Amino acid sequence: MYFDSLGELIAMDGHGPYVWFCYGVTVVVLGGLLWEARRRRQSAEQAVRTVVRRKQASIGKE
């Protein structure tokens, strides 16, 4: 193993703060993208439901 202890893994020869910050930013960005994709999907599904409901209502009136 490259690092002999957990402390060395976290410090990474002085580069640890930069590396862990980058990992953190990556996790936050990916989480935000997943959240936004889910929100947009739910919005699109709701729009489709609305269109279908209106279409069914107009067919029932004829």
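Mentor: Begin with a loop. This is a predicted model, and Met-12 has its place in the loop between H1 and H2.

Trainee: Is Met-12 buried or exposed?

Mentor: The test is relative accessible area, and buried means under 20%. Met-12 has 17% relative accessibility, so Met-12 counts as buried.

Trainee: Where does Asp-13 lie?

Mentor: Asp-13 is in the loop that runs between helix H1 (6-11) and helix H2 (16-61). With a relative accessible area of 63%, Asp-13 is exposed, because the cut-off for exposed is over 50%.

Trainee: Which residues is Asp-13 in contact with?

Mentor: Set aside the neighbours within four places in sequence, and Asp-13 is in contact with Tyr-2 and Glu-8. Separation in sequence and distance in space are two separate things to read. Asp-13 and Thr-26 are 13 residues apart in sequence, and their C-alpha atoms are 21 Å apart in space.

Trainee: How many helices and strands does the chain have?

Mentor: The secondary structure comes to 2 helices and 0 strands. The radius of gyration of the chain is 25 Å, well over the 11 Å that the globule rule gives for 62 residues, so the chain is more spread out than a compact globule. Along its principal axes, the C-alpha trace spans about 75 × 20 × 10 Å.

Trainee: What share of the residues counts as buried?

Mentor: Of the 62 residues of the chain, 5% count as buried. The accessible surface can also be read by atom type. Its total is about 5800 Å², and 65% of that belongs to carbon and sulfur atoms.

Trainee: Which residues does the UniProt annotation "transmembrane region" cover?

Mentor: An annotation comes from a record, and one then checks what the model has at those positions. The UniProt annotation, from an unreviewed entry, covers residues 18-35. In the model, that span is 100% helix and 0% strand, and its end C-alpha atoms lie 26 Å apart.

Trainee: How many salt bridges does the structure hold?

Mentor: The structure holds 4 salt bridges. Arg-40 forms a salt bridge with Glu-36, and the closest N and O atoms are 2.9 Å apart. Both residues lie in helix H2, 4 residues apart, which is about one turn of the helix. Arg-40 is exposed, with a relative accessible area of 57%, whereas Glu-36 counts as partly exposed at 22% relative accessibility.

Trainee: What is the distance between the closest N and O atoms of Glu-45 and Arg-41?

Mentor: The closest N and O atoms in that salt bridge are 3.0 Å apart. Glu-45 and Arg-41 are 4 residues apart in helix H2, so about one helical turn separates them. Glu-45 counts as partly exposed, at 30% relative accessibility, and Arg-41 counts as exposed, at 59%.

Trainee: Which salt bridge does Arg-49 take part in?

Mentor: The side chains of Arg-49 and Glu-45 meet in a salt bridge, at 3.7 Å from N to O. Here too the two residues are 4 residues apart in helix H2, so they are separated by about one helical turn. Arg-49 counts as partly exposed, at 43% relative accessibility. Shared partners are the last thing to look for. Salt bridges that share partners join Glu-36, Arg-39 and Arg-40 into one network.

Terms used
Residues numbered from 1 in each chain as written. Predicted model: local features only at pLDDT ≥ 70, side-chain atom pairs only at ≥ 80, totals over all residues. Heavy atoms only, no water. Buried < 20%, exposed > 50% of the residue type's maximum accessible area, 1.4 Å probe, protein only. Contact = heavy atoms within 4.5 Å. UniProt positions renumbered as here; feature names shortened; annotations may be inferred. Rg over C-alpha atoms; globule rule 2.2 N^0.38 Å. Areas by Shrake-Rupley, 256 points an atom, 1.4 Å probe, with all protein chains shown as cover.
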